[in-house]
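Dear colleague,

I am passing on the structure below, together with a short account of what was found in it.

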Amino acid sequence: MFGRLGAPEIILILVVVILLFGAKKLPDMARSLGKSARILKSEAKAMKSEGQDKSAAPADPPHDAAQPPRTIKAAPGDVTGARPVAEPTDSTTQR
């Protein structure tokens, strides 16, 4: 029933749309539809890149192979409570 949509039916639908919405409103409607499509596309791209950034981020910061990471010890000579320390990246805090 609805499977056959030829040129006369499409022309009739377009004429009805023009009569219902008016020729002045159609460009504005097309413009807003285009803006909505661009916004949707940019948001989808941002969500996709955000998901890739999270999965690609390393869990630990890279260490220099020449220097072993520093450790904090609970007491002098106590190695059971030692843990690695991340070096600060802000140069204003180191003096």
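This is a predicted model: local features need pLDDT of at least 70, side-chain atom pairs count only at pLDDT 80 or more; totals for chains, interfaces and linings use all residues.

Residues are numbered from 1 along each chain as its sequence is written, and side-chain values use heavy atoms, with hydrogens and water left out.

Of the 95 residues, 1% count as buried (under 20% relative accessible area, with exposed being over 50% and partly exposed in between; 1.4 Å probe, protein chains only). The protein exposes about 9100 Å², of which carbon and sulfur atoms supply 64% (Shrake-Rupley method, 1.4 Å probe; for residues, only the protein chains shown count as cover).

L12, V16, L20, F21 and M29 make a nonpolar surface patch of about 480 Å² (residues with over 30% relative accessible area and no salt bridge, nonpolar side chains being joined within 5 Å). Helix α1 (residues 7-21) contributes the largest share of this patch, four residues; L20 lies in that helix and is exposed, at 64% relative accessible area.

One salt bridge was counted (a side-chain nitrogen of Lys or Arg within 4 Å of a carboxyl oxygen of Asp or Glu). It joins D28 to R31, with the closest N and O atoms 2.8 Å apart; both residues lie in helix α2 (residues 25-56), three residues apart, about one turn of the helix. D28 is partly exposed at 44% relative accessibility, and R31 is partly exposed at 48%.

Best regards

Definitions and conventions. Helices (H or I, at least four residues) and strands (E, at least two) are DSSP runs, numbered from the N terminus. Patches are made of residues with over 30% relative accessible area and no salt bridge: like charges are joined within 9 Å, nonpolar side chains (Val, Leu, Ile, Met, Phe, Trp, Tyr) within 5 Å.
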